[in-house]
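Thanks for coming, everyone. Let me put the model up and walk you through it.

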Amino acid sequence: MKIFWMISAVLVLAATACKKGKDKPPPEEAPANTIVTPGNEPGYVYIDGKFSGYKSSGQVKLPAGRHTIGVALENSWTYLRKDVDVTAGAAITFTAADKPASKVWKALYVGLSETRGSSAQGDCSTHFTKAELDAGYEFLQWSLREHFEKYSYGLMQWQLERKDIAEPVMLKKGGEAWYTVEPGVITAKIPEIVPGAYDCVFVFWRESEGTCSFRSNYFGLAWTNPMGEPIKTGFVTIKFDAGNGVAGRIANYKANDPGVWVHEWLHTTGERFYQDKGLSLPQPAGGFTVHAAETYGYTYPWMTWYRDMMGGRVPNTLTGLGYLGIGPEAFLRCTVRETALDGACR
C-alpha cells in the first residue's frame, strides 16, 4: 500500500505540473511599428542602411533602440530617412522634410568624331557627325535621369559635361578582333581628366562605317577598378553600332535594351569600389558582379537587376540570408572623385 501510495502521489504531481505548463500562456510578441509616408505612398524600409525586407504599406517590426530608418518610396523614387528612438508599436511618420540632400556626381561625355585603327581591311577610320554625337549625348542624359538618378531614389544628382574630340583617336588592337579606346589616349587629348575631377568618363565612338569595321565582342566596356587607374576615375567606352542611323538605333535600345549606360557604370562601382567600402554585393559570375543577374534569378533586359543592385535589394538566394547591393545610404557617402582626393573617405 505504501509503495502504491507513493507512485500515485508522483503521478498526481506530474499530472498537475504538466497541466500547469500547458495552461501557461505563450509570451506576447512586441507589437509591430507603423511607417507613415506622405500620401501613404508604399516604399522599401531600410534599417541602419540595410533593406529590412519590409514595405511600408504593412506592419513593420523594428528593433528597439536608436536607429536610422529609411524609406525608398516606390512611385516617386524618393528616399526619406530619419534617426529615431524606436519603441514597440510606435508609428514613425515621414514628411518631405526628411529627404536628405542629393550627392553630386560628375560625369564627362567624350564624343569621338573620328576613330582610327588597323582593321581587317587595313588602316581606316569611322566617323560621327556633330548631330550623331549630339544623339549619343542625349542618350546618356536620358539614362542618367531615368536610371542612375531614379535607381538611387534621388540621392545622386549627376552633373554632365561634354568635350568632343575632333582629331583622330587611335584604337588599341588586341588579337584578331578586339579594339579599345584606352584611357591614356583620351587623357592625352583632354588633360583636364585628373583624379578628383570626375566620377566617370563616358566615351562614345562608332564601331563600323562602310567597309571599315572595328567589331569586337562587346558593346560597352568599363574599367572596373577606378582607384587602381592613374586617373582614379570610372572609365566607360560605348562602341556604338550605328547601323542605318544613330537616332533609330538609340530609339531601339531605349525600347528594348535600355541599360547599356547604367550597366557599364555599375562595372566601375560594383566590382571593387563599393566592396572596398565594406558593402556586400552579389557574387561574380564569369568574373563580374554585374554579370550575375541570372545567378540571382533576374531576367533580360536586366533593368530590375540594376534597380535592385543600386537599391541594395538583391535577395541573397545563394545563402538565403539578407539582401545584397549598394543601397541608398551608400550614395550619401563619398563619391569616386571624393575618394580619389582622400583615400580614407568612406
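Start at the pocket. Helix 5 gives the most to the lining of the largest pocket, with 4 residues. Helices here are DSSP runs of H or I with at least four residues, strands are E runs of at least two, and both are numbered from the N terminus. A pocket is defined on a 1 Å grid over the protein atoms alone: an open set of points with protein on both sides within 12 Å along at least five of seven lines, where a 1.4 Å probe fits, and its lining residues have an atom within 4 Å of a point.

How much space lies in the largest pocket? About 490 Å³. That volume is the space filled by probe spheres set on the points, with grid points joined across faces, edges and corners. The lining has 24 residues, and the closest to the pocket centre are Gly220, His263, Glu264, His267 and His291. Strand 18, helix 5 and helix 6 are the elements that give two or more residues to this lining.

A word on ground rules. This is a predicted model, so local features need pLDDT of at least 70 and side-chain atom pairs count only at pLDDT 80 or more, while totals for chains, interfaces and linings use all residues. Residues are numbered from 1 along each chain as its sequence is written, and side-chain values use heavy atoms, with hydrogens and water left out.

Next, strand 15. Is it buried or exposed? All 7 of the 7 residues, 200-206, are buried, so strand 15 is largely enclosed by the rest of the structure. Buried means under 20% relative accessible area, exposed means over 50%, and partly exposed is in between, with a 1.4 Å probe and protein chains only. In a regular strand, side chains alternate between the two faces of the sheet. Here both faces are covered. Cys200, Phe202, Phe204 and Arg206 are buried on one side. Val201, Val203 and Trp205 are buried on the other.

Who are its partners? Two strands pair if DSSP finds at least two bridges between them. Strand 8, residues 103-111, pairs with strand 15 in the parallel sense over 5 bridges. Val110 has Val203 as its bridge partner in strand 15.

Now the aromatics. Rings of Phe, Tyr and Trp (its six-membered ring) pair if their centres lie within 6.5 Å; planes under 30 degrees apart are stacked, over 60 edge-to-face, and the rest tilted. The count by this rule is 31 aromatic pairs. Take Tyr179 and Phe214: the ring centres are 5.1 Å apart and the planes sit at 65°, so this pair is edge-to-face. The pair links distant parts of the chain, 35 residues apart. Tyr179 is in strand 14, and Phe214 is in the loop between strand 17 (212-213) and strand 18 (220-223). Tyr179 and Phe214 are both buried. Now compare Tyr296 and Trp305: centres 6.1 Å apart, planes at 25°, so that pair is stacked. Tyr296 and Trp305 are buried too.

Charges also sit over rings. The rule is NZ of Lys or CZ of Arg within 6 Å of the ring centre and within 35 degrees of the ring normal. The charged end of Arg162 sits over the ring of Tyr137, 5.0 Å from its centre. Lys239 lies over the face of Tyr218, 4.8 Å from the ring centre.

Trp178 lies in the loop between strand 13 (172-173) and strand 14 (179-180). Its relative accessible area is 31%, so Trp178 is partly exposed. Beyond its neighbours within four places in sequence, Trp178 has contacts (heavy atoms within 4.5 Å) that include Ser216, Tyr218 and Leu221.

Last stop: the loop between helix 5 (260-270) and helix 6 (303-311), where we find Pro301. The peptide bond from Tyr300 to Pro301 is cis, with omega near 10°. Trp302 lies in the loop between helix 5 and helix 6 as well. Trp302 has a positive phi of about 75°, although it is not a glycine. Trp302 is partly exposed, at 22% relative accessible area.
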